[in-house]
Amino acid sequence: MLLSMNWLREFVPYEGDAETLGAKLTMLGLELEEICRPFDGIRDVVVGHVVACAKHPEADKLSICRVDVGTEILDIVCGAPNVAAGQKVAVAPVGASLPNGMTIKKAKLRGAPSHGMLCSEVELGLSEDHSGIMVLSPDAVPGRKLTEALALDTEVLDIGITPNRGDCLSVLGLAREVAVAFGLPLRLPQPKTPENGQSANDLLRIDIADGELCPLYQGRILENIRVAKSPDWLRFRLLAVGQRSLSNIVDVTNYILFGLGQPLHAFDLDTLSGGRIIVQPALPGEKFRTLDGQERILEATDLTIRDEKGPIALAGVMGGLDSEVTAGSRRIFLECATFNPSVIRKTARRLGLHSEASYRYERGVDQGIAEYAMESAAMLMAELGQGSILPGVVKAEPQPWKNAVLPFRPQRCSDLLGQEMDPAFCRETLEHLGCEVAVPSPDTWSVTAPSYRRDLEREVDLIEEVARIYGMDRFEPTLPKVSRPLTRSEARDSEYTFWKRIRHWGKGLGLNEIIHYSFVGQKDLDRLGLPQAERLPIGNPLTSDQDVLRTRLAPGLLNILRNNLAQGVTGLRLFELAHVFHADASQETGANEPARLGILLHGDRFDTLWPHQQADAGYADLRGVIEHLLASLHLGKARFDREEEEHPWLSPAVRLTLRGENLGSLGRVKPEIADYYYARKDVWIAELDLDRIRSLAEGAAIRFAPLPVFPPVKRDITLAVPFDLPAQDILECIRGMKISILEDAELIDVYLPEQDNERRLTFRMTFRHGKRTLEDAEVDKQRDAVARHVTATLPVRL
Amino acid sequence: MGNSYFYPSLARDAGTCDRGQAAPLHGAYAGENVPNPLPQERNNQVSVMNLIAALESLAPELERGLDQALDLSKLEEIRVEFLGRKGRLAQIMARLPELSPEEKPAVGKKANEIKARLNTLFDAHKHTLEKSGEKAYLTRFDATLPGALPWLGSMHPISQVTEEICSVFEALGYDVVDGLEVETDFHNFQALNFPKDHPARDMQDTLYVNEGVVLRTHTSPMQVRSMLARKAPPLAIVAPGKVYRRDSDMTHSPMFHQIEGLLVDKGISLRDLRGSLTAFVRRLFGPAVGVRFRPSFFPFTEPSAEVDISCIMCSGKGALHGETCRVCKGTGWLEILGCGMVDPNVYKAVGFDEECTGFAFGLGVERVAMLKYGIGDLRLFFENNVRFLGQFA
């Protein structure tokens, strides 16, 4: 809301500066966003008196003027057709700059020296008028600043208004707050509306279909109006609050809207037919052309203002093109109404038609100010349009406003705010805010809220007013005791706590945590061949890159891979913890949100080139990371099995299982997909079920195993193994022998001879006896037994 | 077996200090090719004089040998040659039984003298050699060679700030809770006193899945779910998480993070709210930070307030080096939190007694992270450039 200091002072005699006012309003919950100086661009322009004006001897269209600017008389060459001796004009002297960025310099025009410029309104940024120089009132004083001569609104506060304070969307509304804040009186000039002619009620009648939708609809009729340009004061005042001047009649409606907060609409009465205004919902499918020239198709939820033939306005949102006031309009019907806020909001949102009027109606317009606003507008229109007001108000008010009556318990107020609030202060505050306070009992008061404070609905709203005026910043801080029921200590740790543990693990291991948007584009999911049925599209996406919730982490990880590769990064180790989203009709929200851990490795295995042998990260790296995670969660050894079925985006794809539970998959992104993400090297990616891992980890406990007393004996065995036999099978075969002294068996080497269809795998077995030192002979015997068993059971050779 | 795990200290001489590069020293070969220390006598008869002469010649010979031994393995060879089980001293001693009993003590005594002398010579040389080896190692050592750097991981700055904030409240006795990111209109709006078709909804431009299901626009639905689950006070929770708005520009991201707090108990007041948040803000930004409460509006709290902290860039002065502070734009204050006393309509929606007392607050994690780390561009958080992430290791 733009609040002009000059305009404000018409309602309240505030003498302080804009900064002080802004700071005070901020602390009252009306936050100062900015102090604007809309006419700062013409601060150097002064009033001049054209003392003499003669044709330029060398140029037909130029005049040479002698201009009195108070302190001196300047020679100025002017090209405007309307310049004449005796005029008071706007002069930009040498050194002045103008809103269009021009700086005035000494010049010679066809040999004639010029020491300034006489300005048009367009050059001053005051209007689009470039037909000639701006001619000021004859009583303007030469040398005075133009901003002062025109009494322009040079200081305007931009105040942020919260949705509950619709009453502050006007100069009057803010003036009320200023009056309370500084203890100043509020002034409201009383409009005089001389009437003559036939009774307005003979010409027009109002019918309201439903008082819930339109509690009040009233209007005035004006005759013999001359639609014309508005006077300067009105044009420039509207300009100061960002409004374009249209005509005297329309400008008055805007002036009242900004001044008093009451939206108004002016119809050309001669375009209306039937002598009747009907307020009722639109007929579904009905077409209507709004003021902006657009044809709208209406629905039954839209409230319309109609005449006999059909809609003439969308109630509270926008008028119709056909009934618009034009230069030739002579008879005006001035509408002043209140509408149901949520009805106006629905229509404005549905049509994307947000006007100053609908903005205020949505937030609640004061039914109590309606008549005053209408009378003020009618008086001003009659004056500026040189017309007359017909006697009588055409009016229907099916639901007169009833002020809310609220209880107020001073003790509850003190309790909620945490300190004793003086009842006298409470009462005074509420009264200053316009409430009537009755005290039937000292414990519970009865407070009547003013019509303009529609937000005061409950006792707590009054308590907030007391705190707000007292000063929210004045309450001494105290730290409350936080009590916890005993049962809380039995509660499961939150997801946050477990994720925190995983995050620290990832960081410690050397992975970089990323956070990607929860949404991606449908095409990102298509690229990975992810099923359609489980997707949750966003109903109103911002872009097609973000039009569906991700069903996997992979698309996001790959996007981040791409971003980084585009920056020239050669090695990446990323991880992400997030929920993914699957359509699930059995959920209250239609969505299932499983938690996932994603890990991506790509490119350089080491950050530094030395002292390592640099290489690319591969399966062993990714698997190692996962095994490290499971070990750090005390989950034991998991199975990694090659997926037999074709995976949509991984090749090879590996399934991770632990105690029979599927924990997710890992693998290499198919090269043709990786290619899209600029990856020229293998991309290894894992996506794990974080919910299952969490459940398993919650059940895992550390059990101490006594340290062995006797030394181990190690024996290696090297086997020739066909490529299609997984190493895991051999290990399981060895372990399956259940040799009591076999403590562990692990793979320690893989040798791939060239041109061979077998590989050589070396396994190391560790033997140990809990109660004595083993002898070589008995260990050798067991090793030989293993060799025999493995070669007999599996297609392997020694 | 044991020897194969023993590496002489001189192995470090390799400079790069790699394990296993030096060959293990095996003691087993000692003695095989050691020359006989005694002149072969014709009748194989030894004399006392011969033996004593042989013994006495050992020391100078050892000295000569030691002069040639420039490394520890050579030194070990010499030790074996002279002092080993089958070494020259041992060989001479092996002849002792050939002497008559009266001759033995003199030679035995001499032998012991010589053995002690040899050991002394040997130890002295070994010590010298070790010292020079250590000296050579130190000469070649270059402390400026780069380390074998393990991967340097990082937690996303949003995660770090979230954790920091949550831990402040956890220490105060709050529980951390989680919730749904796809929410019902009821939990996200209606229960929080945002009626349908109310302008308060304009405060949060909403992304929706369908009529009645939205991407949560704030973390506040977790308040609602927590109260519904607990059924009655007391409760004290903080709820971090992702939130979504239909808004994207320099200063708005369609996804960002909030942390919500809620405390409901008997006798909780606005002063308690003020105290709790003052404590929190000081914990996060330091004890010197100024805190300001000013009235505001949130549908689910009444009274509502915004909490400002004194600008951490210009210390609340509004100007820095004579220029308007760009962080607080000259106001000296930074908006950091929204808060208020829980609105009775919220209690009504979750079935709590409407006369309950409690407060709620919420803050944007990105904003705190930007202030804390001096990050100027919101989009950096979601681009996940590793050169950005790596700074938060």
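Author: This is a predicted model. Start with a pair of strands: strand 2 of chain B and strand 4 (residues 213-215) of chain B run antiparallel, over 3 bridges.

Reader: What makes strand 2 and strand 4 of chain B a pair?

Author: A pair needs at least two bridges found by DSSP. Strand 2 and strand 4 of chain B have 3 bridges, so they pair.

Reader: How do you know that chain A is more spread out than a compact globule?

Author: First, its content: chain A holds 21 helices and 41 strands. For 798 residues the globule rule gives 28 Å, but the radius of gyration of chain A is 41 Å, well over that value, so chain A is more spread out than a compact globule. Its C-alpha trace spans about 125 × 85 × 60 Å along the principal axes.

Reader: What share of chain A is buried?

Author: Buried residues are 42% of the 798. To count, a residue needs 20 or more other C-beta atoms within 10 Å of its own.

Reader: What makes a set of residues a nonpolar core, and how many residues has the largest?

Author: The members must be buried, of nonpolar type, and joined through C-beta atoms within 7 Å. The largest such core has 275 residues; Ala90(A), Leu118(A) and Met381(A) are among those with the most contacts inside it. Helix 10 (residues 370-384) of chain A gives the most to this core, 9 residues.

Reader: Which residues does Met381(A) touch, leaving aside neighbours within four places in sequence?

Author: Its contacts are Leu222(A), Ile225(A), Ile249(A), Val252(A), Ile332(A) and Leu334(A).

Reader: How many residues does each chain bring to the contact between A and B?

Author: Chain B brings 77 and chain A brings 81. On the side of chain B, helix 8 (residues 270-285) has the largest share, 8 residues. That side divides into 42 nonpolar, 18 polar and 17 charged residues.

Key
Residues are numbered from 1 along each chain as its sequence is written. Chains are lettered from A and ligands numbered from 1 in the order in which they are written. This is a predicted model: local features need pLDDT of at least 70, side-chain atom pairs count only at pLDDT 80 or more; totals for chains, interfaces and linings use all residues. Helices (H or I, at least four residues) and strands (E, at least two) are DSSP runs, numbered from the N terminus. The radius of gyration is taken over C-alpha atoms; the globule rule is 2.2 Å times the number of residues to the power 0.38. A residue is buried if 20 or more other C-beta atoms lie within 10 Å of its own, exposed if 12 or fewer, and partly exposed in between; C-beta atoms are placed from the backbone. Two residues are in contact if their C-beta atoms, placed from the backbone, lie within 7 Å. Ala, Val, Leu, Ile, Met, Phe, Trp, Tyr, Cys and Pro count as nonpolar, Asp, Glu, Lys and Arg as charged, and the others, Gly among them, as polar.
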